[in-house]
Amino acid sequence: PPRSTLFPYTTLFRSLFKKHEIQVVGFWETAIGEATTTELVYMLAFEDLAHYQRAWDAFIADPEWQDAKQQSEVDGVPLVNVAGSKILEPTSYSPMQ
């Protein structure tokens, strides 16, 4: 399949997530279904809510991320135009705990 416009940033994402002790579960793009633009979905794992807040705030504030985000928007098109976030908890019957 063709690589999305976000592909060049995946190495940076992985590097910065590792730097800020954020565990990557996986990255996905919509292959079939409703997606009006290139949609990148990723799942991250954190030890607890405090770890999430600390690590995510550090990632967003990281100068390397800020620079890459700014460079990606030089042509007037933002790297991210819609973002969402959910915190999930496994059910008691989930094989992944």
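The legends below describe close-up views of one predicted model.

**Figure 1. Overall layout of the protein.**
The predicted model holds three helices and two strands. Read from the N terminus, the elements follow the order α-β-β-α-α. Of the 97 residues in the protein, 22% are buried. The protein exposes about 7800 Å², and carbon and sulfur atoms supply 55% of this area. Among contacts with a separation of 6 or more, 47% are between residues 24 or more positions apart.

**Figure 2. The salt bridge between D62 and K19.**
Side chains of opposite charge can pair when their charged atoms come close. The count for this structure is one salt bridge. The bridge is formed by D62 and K19, whose closest N and O atoms are 2.8 Å apart. The pair links distant parts of the chain, as the two residues are 43 residues apart. K19 belongs to helix α1 (residues 7–19), while D62 sits in the loop between α2 (49–61) and α3 (63–72). D62 has a relative accessible area of 4%, under the 20% limit, and therefore counts as buried. K19 has a relative accessible area of 51%, which is over 50%, so K19 is exposed.

**Figure 3. H20 and E21 in the loop between α1 and β1.**
H20 lies in the loop between α1 and β1, and E21 lies in that loop too. H20 is buried, with a relative accessible area of 14%. Leaving aside residues up to four places away in sequence, H20 touches H51, A55, A58, F59 and D62. One of these residues, D62, is also the salt-bridge partner of K19. E21, by contrast, is exposed, at a relative accessible area of 61%. The phi of E21 is near 55°, a positive value in a residue other than glycine. Most residues other than glycine have a negative phi.

**Figure 4. The ring pair of F17 and F59.**
A pair of aromatic rings is described by the distance of the centres and the angle of the planes. Eleven aromatic pairs are found in a search of the whole structure. In the pair of F17 and F59, the ring centres are 5.0 Å apart and the planes stand at 50°, so the pair is tilted. F17 is in helix α1 and F59 is in helix α2, and the pair links distant parts of the chain, 42 residues apart.

**Figure 5. The cluster of aromatic rings.**
Ring pairs join F13, F17, F27, Y42, W56, F59 and W65 into a cluster. The cluster thus includes F17 and F59, the tilted pair of the previous view.

**Figure 6. The nonpolar patch on the surface.**
The residues V25, W28, V41, M43, L88 and M96 form a nonpolar patch on the surface. Together they have about 590 Å² of accessible area. The elements that give two or more residues to this patch are β1 (23–29) and β2 (40–45). W28 lies in strand β1. W28 has 43% relative accessibility, a value between the limits of 20% and 50%, so W28 counts as partly exposed.

Key: Residues numbered from 1 in each chain as written. Predicted model: local features only at pLDDT ≥ 70, side-chain atom pairs only at ≥ 80, totals over all residues. Heavy atoms only, no water. Patch = residues over 30% accessible without salt bridge, like charges linked within 9 Å, V, L, I, M, F, W, Y side chains within 5 Å. Areas by Shrake-Rupley, 256 points an atom, 1.4 Å probe, with all protein chains shown as cover. Salt bridge = Lys/Arg side-chain N within 4 Å of Asp/Glu carboxyl O. Helix = DSSP H or I, 4+ residues; strand = E, 2+ residues; numbered from the N terminus. Buried < 20%, exposed > 50% of the residue type's maximum accessible area, 1.4 Å probe, protein only. Phe/Tyr/Trp six-rings, centres within 6.5 Å; stacked < 30°, edge-to-face > 60°. Contact = heavy atoms within 4.5 Å.
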